Amino acid sequence: MKTPDEVQRAIKRGEIIEDVTLDHHDFSGLDLAGGCFVGVDLTGARFSGCNLHETQFSECNLRGSDFSGLSMQQTFFNQCMMTGALFTQCELAECLFNDCQLDESQFTESVQVQTQFISGSLNDSNFHQAGIKQCAFTDVSLSNAQLSATLCEQITFMNSDLRSTQFIK
């Protein structure tokens, strides 16, 4: 499996994509809904305009990957390295980030509804002008995170490190 189109065809056949290197590939515009990625290196991958509804990423390297502008629903990230990932202007609905390293990630102008961040880190991440509604941050480090001008409604911070986090309008 070497091209994004081959990955899309494999997912449509119900295959699990595992233990391959697909770094810096451009998946823009592809339908990867319902896909399952396990142990895949997707460093710097682009997902612009991609359908990732109900897609699962487990133990993947997604450092610097670009999800900007996507609408994701019930997308699951488990134990992924996602430092510097871009979620700018994304819509995240009922997504789960479990034990993910999201330090220095960008969620600027994103909308997150009923999304959960559990046992991970979002240190130095930017949520400037984001909308965060009915979301939970449990056992997460948000040290130095930027939440200025962020619309926050019904958010739960449970056992989370908020040192130096900025909530100023």
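**Aromatic pairs and a glycine in a loop**

Let me begin with two residues in this predicted model, Phe47 and Phe67, which are both buried. They form one of the 17 aromatic pairs that the structure holds. As a reminder, a pair of aromatic rings is described by the distance of the centres and the angle of the planes.

For Phe47 and Phe67 the ring centres are 4.8 Å apart and the planes stand at 5°, and since planes under 30 degrees apart count as stacked, this pair is therefore stacked. As to where the two residues sit, Phe47 belongs to the loop between strand 2 (36-38) and strand 3 (56-58), while Phe67 belongs to the loop between strand 3 and strand 4 (71-73), so the pair ties together parts that lie 20 residues apart in sequence.

I would set beside this a second pair, Phe127 and Phe137, whose centres are 6.4 Å apart and whose planes are at 85°, so that this pair is edge-to-face. Here Phe127 is in the loop between strand 9 (116-118) and strand 10 (131-133), whereas Phe137 is in strand 11 (residues 136-138), and the pair therefore ties together parts 10 residues apart in sequence. Phe127 and Phe137 are, again, both buried.

Let me return, finally, to the loop between strand 2 and strand 3, where Gly44 is also found. If we leave aside the neighbours within four places in sequence, Gly44 is in contact with His24, Arg63, Gly64 and Ser65. Between Gly44 and Ser141, which are 97 residues apart along the chain, the C-alpha atoms are separated by 23 Å.

Methods: Residues are numbered from 1 along each chain as its sequence is written. This is a predicted model: local features need pLDDT of at least 70, side-chain atom pairs count only at pLDDT 80 or more; totals for chains, interfaces and linings use all residues. Side-chain values use heavy atoms; hydrogens and water are left out. Rings of Phe, Tyr and Trp (its six-membered ring) pair if their centres lie within 6.5 Å; planes under 30 degrees apart count as stacked, over 60 as edge-to-face and the rest as tilted. Helices (H or I, at least four residues) and strands (E, at least two) are DSSP runs, numbered from the N terminus. Buried means under 20% relative accessible area, exposed over 50%, partly exposed in between (1.4 Å probe, protein chains only). Contact means heavy atoms within 4.5 Å.
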